[in-house]
Amino acid sequence: MSDEKPVLDVKDLVTHFQTPEGTVQAVRGVSFDVGYGDSVGIIGESGSGKTITALSVLRLVPPPYGKTLAGQVNFKGEDLLKVTDKHMREIRGRDIGMIFQDPTSSLNPVLALNTQLGEGMREHMHHSSQEVGRRMVNLFDKVGIKPASERLHNFPHQLSGGMKQRVMIAISIACEPALVIADEPTTNLDVTIQAQILRLMKGLKDEFNTSLLYITHNLGIVAQMCKRVNVMYAGKVVESGDVRTVLKNPKHPYTMGLLKSIPKLGSKEPLVSIPGMPPNMIAIPSGCPFNPRCPYVMERCRTDVPELRDVGDGHAVSCWLY
Ligand code: SF4
């Protein structure tokens, strides 16, 4: 299904955390959207604000220290920052699927898999027990857990990490959500299993035409999974656009640095890591937050904050070089 309006339209999102050392400005005015059937990546180093952006969208920022202070999270026409807690729980279970990094902590260790997988369908889709049973077998078949009817009675500890993540994928799509948010779902898996899980997610995304928001630090995964990408640095989107355009012609010096730091098959060029450390989010540098690490830094970069500007074809960058 295509729709003029995006399924998810995030505007000027701001999320802070209070700590004994001071206020962590984790997300500082982030805007992006995800169209129906679209696949959008958010990429950045750890501490860039990408995971907190996803948690803010889902209203899962842990209180009382974390708080989303401003912005809009328009999902299918409703601002999720304004709906009741009860309605938000329904949306999380039914309309937005979630897959996190660690499937072990996402699954309840004392409940059989069929109880956990069927919960959403019983609660939100009001299917009969027979229908839920049929759909669960079908879902396990789709995510490659076989024999499905036997495995459904297993407990989480009886499965490998890769299998648990397959269960999480089955749970995330059980209610046929409009959007799935995946946060580093393959980080803890070995490379072969990672490739299988990515293929599985891509296949299911195409089959169900689900929209996907994929959070990762891995540019290779973004290239494989997403059509569009938002590069985050210091709590802001610093570059966004079509994945091919951004990866082929990166404009922001931070994106250039990320690309130079990934190994290329057969290349003799040395790998170059980005010098310096990600900024302290309690004391973010003035001007462009990348200025202490930037090889192209100019005088104004130390005082003036660059806005995200369109440089053509939906490619946007926040840098005084443009
Ligand atoms: Fe570098 Fe200046 Fe661009 Fe920031 S604004 S990325 S410091 S050139």
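Modeller: Let's start with a definition: two strands pair if DSSP finds at least two bridges between them. Strands (E, at least two residues) and helices (H or I, at least four) are DSSP runs, numbered from the N terminus. The model is predicted, with local features needing pLDDT of at least 70, side-chain atom pairs pLDDT 80 or more, and totals for chains, interfaces and linings using all residues. Residues are numbered from 1 along each chain as its sequence is written, and side-chain values use heavy atoms, leaving out hydrogens and water.

Biologist: Thanks! What makes strand 9 and strand 10 a pair?

Modeller: Strand 9 (residues 228-233) and strand 10 (residues 236-242) share 6 bridges in the antiparallel sense. The definition asks for at least two, so they pair. Within this pair, Met-232 stands opposite Val-237 of strand 10.

Biologist: Why are strand 6 and strand 11 called edge strands?

Modeller: The open sheet has 8 strands in the order 6-7-8-3-9-10-12-11, with mixed pairing. Strand 6 (96-99) and strand 11 (309-310) each pair on one side only.

Biologist: How do you know that helix 11 packs on the sheet?

Modeller: Contact means heavy atoms within 4.5 Å. Helix 11 (residues 253-260) touches strand 9 and strand 10, and its direction makes about 105° with that of strand 9. Axes are lines fitted to C-alpha atoms, for helices over the stretch in contact, and angles run from 0 to 180 degrees between N-to-C directions.

Biologist: What makes helix 1 mostly covered?

Modeller: Buried means under 20% relative accessible area (exposed is over 50%, partly exposed in between; 1.4 Å probe, protein chains only). In helix 1 (residues 50-57), 7 of the 8 residues are buried, among them Lys-50, Ile-52 and Leu-55. Arg-59 follows helix 1 and has a positive phi, near 55°.

Biologist: Which strands form a hairpin with 2 residues between them?

Modeller: Those are strand 4 and strand 5, and Lys-76 in the turn has a positive phi of about 45°. Phe-75 stands opposite Glu-78 in strand 5.
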